[in-house]
Structure formats: C-alpha cells, structure tokens
Amino acid sequence: MKLYVAQSSHLIADVAGWFTGPAAADGTAGLFVPTRPTRVLETRPGQQIGYSGGKPAAGATVAVRIAGREPVPSAGAAAVVANVTATETASSGYVTAFPADADRPVASSLNLEQAGQTRPNLVTTRLGGGSFHLYTTAATHLLVDVAGYFTPELNPAAPVTRRETYEPASGTTVLEPASVSAVSGDTANGYTLTLTPGTPRPAVGAGVVLKGGGEVSPQGLAGTVGTVTAGTNGTTTVTVTPAPLDRLFDNLTIGYDGPVDLIPQDTNSSARQPDAGAGPRRQSGVVTGSTSIDHSIIKFGPQALRCTVADGVEVSVAVARFENTRVHFEQRTGLFTTPFLSFWIQTEPVVEFSAAVQGKVTCALTDAFRRDHKLTWVLPTQIPVTVDLAPAFQFEATVAGKVTFTQHFYRMVGVSTNPDLSLHVYNAGSRTGEGVTVTGELSASLLIGADVSVKVLGVAGLGVNLGPKFTASVDTARCVALTVGIHADFDVLFNAWIKEFSYTFLSFTLGPWNMYYRCPGTGDGTGPGGGTLTVRSTALPDGTVGRPYRASLTVIGGTAPYTWQATGLPPGISATAGGHLGGTPTGAGSTTIAVTVTDAKGKRASGHATLRVTETTATGPELISVARTGGPANGHTYALMTGADARYVYFQSDATDLTADASSRDVSVFLRDRSVGVTRRIDLPGGTGPVNKLLATSSNGRYALVSNGGEPTFWRYDAQTGSATPVPFGNWTNTDSYSISDDGDLVNLGGVTMYRLSDGTQTVMTCPDGQNLPRSPWDVGFAGDGATVYFTVDGCGQSQNSAFRFTLTTRTTTAFLAGKCWWNGGNICVEQVVPSVSDAHTAIVRLAPAGSDIAYRLLLDRVEVPAIVVPRLNVCGVADDGPRVVFAATSTLLPGGSPQGYSVFLYRAATGEITRVSPAAGSADESSYCSHRGLAAQTGQVAYTHHDQAYLSSAP
C-alpha cells in the first residue's frame, strides 16, 4: 500500500492482520461473524463490567476476557473486532491492544491527544487463550464493545472441553440410571418409569430427573410427576410429563465443545456413548439390521428415493459426506442469572451427484430410508445432550438433461442468545468444486443434506435443516447455469428447555456461488478464474416502493476482481463498482438494466438484468397476491394463513397470473415466500380435482394441510423442502376445523382423533369423564406444538356449545368454558376458541342475546371485553405479548367499522385500544377479512384480504 500526505509529517503504520486474496485456498479460518454490539469491559465506578478496581493508571495492563462471554462462544473465536474507547483521560498517550499470550508490541491501537478526552477506535486483535490485553500509557477509563469475531481453522482433533454443574430445585428428585429398570413413552405423550425396589418415591407434582447413560434411557429424561403407584416385587411406577429445565433446576450449566462421532441408532440395543476424547470415526461399520453404515457417509441409492415419475430419472450417484464435524453446546440457567443458550456446528459436507432426467420429475427420500439412516450422538455428560442427524434430499427437474458434480463445503452455523433473550446467528462458509458437467437443457433444483435435532434429556430444543441447495436453469438465450447456496433453517424451540424463551424460526442461505455456465457456441464455462467472461442475464429480486432494497450482479468466467457499471437503474437505486445494488426505490415498474463488467485482465462483457419494483397500497401493507407483472392478481384470493415470523403466507386463489405456468384447476393453493419474493403454486402429486383447498397451517408457518380431488384426500406440505407427504388417515368432512402441529407430525382432520404421521398412532379426544364425545367437535385448535388442543362440542356433561381443553401428554380433558344457549334458558353459546402459540392466552367468541337481536362478544382469557359487542365476529389470531387479538367484525361501533361488510381490527389488552387494520369499502363484496392463522405472532403483522387481493400489514 502507499500513504500520501498533504503536509510534511512523520508516519506510523501498525499492522493488525491481513485478508487473503482470491488465490488462497478455501477453509474455515478467518470467517467473520458479526454480532450485536455488546459491552464486555467498563472500568468506570458504578458501571463496571468485566473489571473491578480503580481507574487504570498510566502503565497499567487490563485483561479483557472474550471467549465464552455473550455473544462470543467459548470456543470458535480466533480474533475479535471491538470498539475500544478511552474516556476521562488524565494526559496524552496511547492504548495498545494485543493477544493475552503475546508480548506487548511497540504499537498503538488508540491515540490520546490531551487530558479530559473521550476517544474511540475500532480494533482487531488476535485472542490468546480467549483473551486480549489493553495497555495504556495514560491514566484513563477504558470501555470495550464487541462487534464481531473471526473463526479459527476447523480442527476436529482439538481437545474436548466439557463442564457440568447442576443444583436441583427444591423437591426435584435426581435418579441415577441404576435406580430405573424400565422406561416407556416419549416427550409428546409423557413417560412411565419403573423404579427399582428401595428407590425413594418422588412426590406427585414434584420434579424428577433421570440422568443419562443407562441402558433403559441413555438420553435421560426430565419432567414433573403425574402419578406414583406401587408395582410388583417392591417396584414403583411413576408417570412423568416433560417440563422446562428451569422448573427442575435452580442452577444448571452444561458445556461441551468437541468432535461429533455419529452413532447409528440400533433398535436392539441402547445408543453407546463414545470416548469423550476420541476424534471422528470414519469407517467403523456399525450394523443396523442388515445395513452397514459409514458414520460420515450417506448414500442415496435408487431404493432410497420416491419419485413422481420413476422412469423419468436415473440417479446414478447421490452421496453426502459430513467430514471433520465438531459441535459446541452451552446452556446456563439459574435463579439470579440471565439464561444463556448457544449451539453451533462446524462441518465439511462433501456432495457427489449425478442424474439424468427426462420430463418433469420430483424425488424425495422414503420415510423408511430416513428412519433407517438416522444417526445419533450423545454428549458424555450426566445431563445428556443428544445430537440426531437424519438425511434430507429433495430433487426436482424438468425438460431433459444430465448433471454431474462434486462439491466440498466449509460450514459453520448456529445460534446463541443475547442478554435480552433475542437470538444471534452464526453463519459462515465457503466451497470448492470439481468435475462439474451439465448437458441438455436442464432446469433442476437439488437440496441434499441433513436434518439435525439437538435434545437435552430427550427434549428437542433446536432443529436445523442443513445442506447445500443446487439450482440448474436455462435462460432465454439457451445458456445453462448451475449455482449453489448453503442453506440452513432453524426451528429454535429453546422455550422447551427454558420457559423465558419463545419459539423462533430462522432461515438463511450463504451464496449463491456460480458452479457452471455455458452458452451455445462458447464451450465449457466451469473453470474458476478463466473461461468466457459472461454477465448472467437474470431477473433480480423484486423491490417495493419505499422499502430498502439490496441485490448483487453475477458474472461467470474471467479473472477476479471485477469492476461493474450499470445504467438505466430505477429511481432511488444506485450501483457500486463491486456490482452491488442498493437504495430505496421511489416508483413502481419493471426496468431493464444495462450492465458492463471488466475483469482483472481487462476483459469486458455486457448484459442485462431485470428489476421489478411493486407498488405498496395507500395504507402501507404489502401485496401478497402479486401477479408476475408486479400488480394485483387477476382473480379472487381468500383463506390467508401465515406463520409466526410472516415469512410464509399461504392462500387460495383462482388467479392465473401468479406463477409462470397457469393451472388447469379452478382454485389452487399458493405460497408466498417473502424472504425471496417468490410465489409458488402447491401442486400435489396425482391431484386431478378442480379445486385444491388450504385447510390449516402450523403456527411457525412451515407446514400446511392441503386437500385435492384425488386419493389420498389430505396432504402435508413442507414449505422448506417443497415436498408433499400424503396423510393416510381420515375422510373428508364438511368442516373448516383442521390443525397441524409445528413439527408437522400431529394433525387433526376435523374429528375426534389426532393422528401422528411418523408412527401412525392415533389419540382420541374424550369428555372430562373419559367417555366418548357425543358428536364430532368443531373449531379444533392446537396451541403451537399440539400438546394442548381446544375444541367445542355439545354435551360432555355441559349444555350446548361448550369449550374444552385436551392435554395430549396425559390424554385428559377439562371443561374450559361452559355454554348454555338462550333457547335453553342460558346466555352463552361458545362459537370459537383460539389459543396463542404458547397457550398463555385464549380468545373466545360467544354468541348471546342483545336486546331483541343477538350479538357476538369477545372474551380474552375467559374475561369479556365490554367494548367488543358486534353483529358478526371472527378471531384470526392471538399474540402472547400484551396480549393482542386480531379479529374481523361488522359494526359501526368499532373505529371505521361498516354495518355492511367486515373490517379487520387489532385489540391491545394492555391499553384497551381498538384500531382498524384494514377498512371496509362499504359493501359486503368489498370488505376486508382475515382467517385463522391470520396473525404473525412474532412480527405483529396481519394477513387479510381486501378487494379480492391478499395483503400483509406493516409491522406495528
């Protein structure tokens, strides 16, 4: 580098590190992980953090511990980026930051010019033993705010670190493995334990913890005691309902950092615990049934796949290897400490794939293959942490062609909690490739990887769908492109471990990277750092007027670095020389941008990219039923449902311009993925009927129940994988009451029975006295994971239209709100019960007399809201905070309400305020309406219809 000075001056340069160039080998070292700014050092009295004592004197050295302090993990950080501030300085001088395991260098990180100064500087320094030092030549107070860190080289052979302390809560019984002779049940339905003779009996309602490592329950278990009965030969039978860990422990710390040695599940013996110091075992040949399984390799042979057109695809190679895998887990909870949870996994997936395709094909793994190739690893702790891994595979292709490639990835992904209990994401990776070929005109997508589940004492608190996603496409110039991105979805269920947390769903993709690009007459374009320099003619992500926009232009071939020029940009959008587009668009429309790229050797190429900007409505909501032109769809839209984070919005529509290919059906179900701005139609295998119907969605938005005119009638659709799984239970009923749990495994099809898809078990709801329901219930609703179910029914010892609460783990029913309609001398007919995701709150709609007429009334947590008495009412969702209730109603007594059509309203219980989300236009056919699952509980946004179009309100 060169330094230029405008005036005569002495110069000092202190090197803090360097960044590798494009010729450097890919790896996991030096991946930057930005964090939420967090103060880790404060020396001023009354505010001290990470320090005790007086003001640091001139010549003092202050140690700053970084590793293991939120948001930096205890392992996995090689260097830190932090803002260092000196304040209340006594004189001029300087401050030096340096690793704790190194001698102090002759260098300065922060220069002080005079007394009484406050001066910050951004500092990058390597860590030594997880710490660095600050040396000051002037007496001054010091502050350090962490902004991020760099990862070290992945080293699966690094020593294992482990710590574990726990203090049971008063009344909690901790059982040794030898004190339990048998265990049955699961976390969904509860456990039954058989205690050996002489083992002290736990009290009913108290906590119980079974340590892991035993033969009957190697993963351990924990919960509260339901019943205690005497067994045979001096034994004791105890039923246990799972409970969050912070209800069972006053203090609990579990920490592990080390290699993962995946052990195949063996139904004939308990899972074995590996040596804590052992590295990954590559070829141990453990046998499950008759299949020998390599711990690090999953092969997807033809027998493993279920394809819609079996003779239209030939998958000759499909292998996923997970090399050099290391996991970090840390959990802390206590009576006087802020809960902390952290999990990340480092791994090197290697994917080999080769397939030939003819026609339209969709392939997924069979349930039997996923079950037989599920791998389990148990951390060697007394309070066991279990890591499960099941293979994931989804392949879709159209037209004709063949694709072959091998890709090696470096991946670090995970989450940890911030002091305010929000989440911080670890997300870094890179890739190298070899042997890429594409022939024909292939349009395909491939997701190949694994579903990872993390459990503590058998209770799942984190699910990760991890793996590379490949996309092959053919553009209008007949150019074939193959790209890859590293995909990860997180189902964060930390609330299953610690009740203060809430459910969160996260999804992100690293990349995409270009693997291959070939146009007619240009030859092969696979070589990195060479080949024909080509601008990809592509459609950029859509933008929205008034909302921030960001995208990047892409290039194939040539030699990096590249310099870009772009003209014809939409108003409000600008481009950098690095090919990045950004800004806030000010007008709607579709724009063709002319782009030119120059590589490091002076080669130039030109191309075009299309950017479509859609208009927002006058009130600021987001149009969900977006036609491909960017405007409203050309049909009717209804039955909107969304998840807690509002990423996925499902709806029904007869529009024909929502996707590129129009459907022959009268009505189809569509899914809008707002994270990428894409609408896709849900086409069910074998669906021949004229109408597809959206029945229900899970509260996290991942799963949907959809019906069609074929057999079977019901299907579970997974938004993350795009796969549809038949639901082989139940018959069509004339009801709008359907439910599906957040894990997609538990469904109710409008009757008395809950079905579990993974094992086919059925659970029948009963009356409180255990007798069968006198008739089918209506308005069946799950709270989040389906552990609690609400329904309304006539009878069961109550008068008409009463509400009941069914607990799945104990299979017991309790009366929730008794109803007695006025034609039988009462004043309450319960019409609807809607629980919040966590089951902390419920909204109830009841029908009651109002003078000479009848009116609908809203009850929140069984207490009537006096201000809401309306001619018609439908609750669309309940949020835990506040709480808040979204509902559709007709009434001139509510703000902006109409007596002719519905309006959508939001009620805030904390203030009693009622606000209108969407106005009615004055007639029934122009009204606004919301459906069940119409509220995104986390973001506060509302999905609703207005003028036959679907919208999502802006966040409050």
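What is the torsion about the S-S bond of Cys767 and Cys796, and is the disulfide left-handed or right-handed?

Mentor: The torsion about that S-S bond is about -70°, so the disulfide of Cys767 and Cys796 is left-handed. The link ties together parts 29 residues apart in sequence, because Cys767 lies in the loop between strand E53 (762–764) and strand E54 (778–783), while Cys796 lies in the loop between strand E55 (788–793) and strand E56 (802–807). Strands here are DSSP runs of E over at least two residues, helices are runs of H or I over at least four, and both are numbered from the N terminus.

Some ground rules come before the rest. The model is predicted, so local features need pLDDT of at least 70 and side-chain atom pairs count only at pLDDT 80 or more, whereas totals for chains, interfaces and linings use all residues. Residues are numbered from 1 along each chain as its sequence is written, and side-chain values use heavy atoms, with hydrogens and water left out.

Back to the bond: the S to S distance between Cys767 and Cys796 is 1.9 Å, and a disulfide is called when two cysteine sulfur atoms are within 2.5 Å. Both ends are buried (under 20% relative accessible area; exposed is over 50%, partly exposed in between, with a 1.4 Å probe and protein chains only). Cys767 has a relative accessibility of 5%, and Cys796 has a relative accessible area of 16%.

Rings of Phe, Tyr and Trp (its six-membered ring) pair if their centres lie within 6.5 Å; planes under 30 degrees apart are stacked, over 60 edge-to-face, and the rest tilted. By this rule there are ten aromatic pairs. Phe791 and Phe804 are one of them: their ring centres are 5.6 Å apart with planes at 20°, so the pair is stacked. Phe791 sits in strand E55 and Phe804 in strand E56, 13 residues apart. Phe791 is buried at 0% relative accessibility, as is Phe804 at 1%. Elsewhere, Phe19, Phe32 and Phe150 form one aromatic cluster.

The whole structure has two disulfides, and the other joins Cys876 to Cys930, with the sulfur atoms 1.9 Å apart. Its angle about the S-S bond is 75°, which makes this link right-handed. Cys876 is in strand E62 (residues 872–879) and Cys930 is in the loop between strand E66 (928–929) and strand E67 (943–946), so this pair ties together parts 54 residues apart in sequence. Cys876 is buried at 1% relative accessibility, and Cys930 is buried at 1% too.

The E66–E67 loop also holds Arg933. Arg933 has a phi near 65°, a positive value in a residue other than glycine, and is buried with a relative accessible area of 12%. Most residues other than glycine have a negative phi. Asp861, in the loop between strand E60 (853–860) and strand E61 (863–870), has a positive phi as well, near 55°. Asp861 is partly exposed, at 31% relative accessibility.

Arg862 lies over Phe816 at 4.2 Å from the ring centre, and Arg104 over Tyr135 at 3.7 Å.

Now the confidence, or pLDDT (the predictor's confidence in each residue, from 0 to 100). The chain averages 77, and 74% of the residues score at least 70. Strand E4 (residues 93–99) has the highest mean, 95, and strand E18 (residues 286–288) the lowest, 25. Residues 262–296 stay under 50, although the model gives them 72 contacts (heavy atoms within 4.5 Å) beyond four places in sequence. Residues 921–925 are also below 50, with nine contacts beyond near neighbours in sequence.

Terms used:
Lys NZ or Arg CZ within 6 Å of the ring centre and 35° of its normal.
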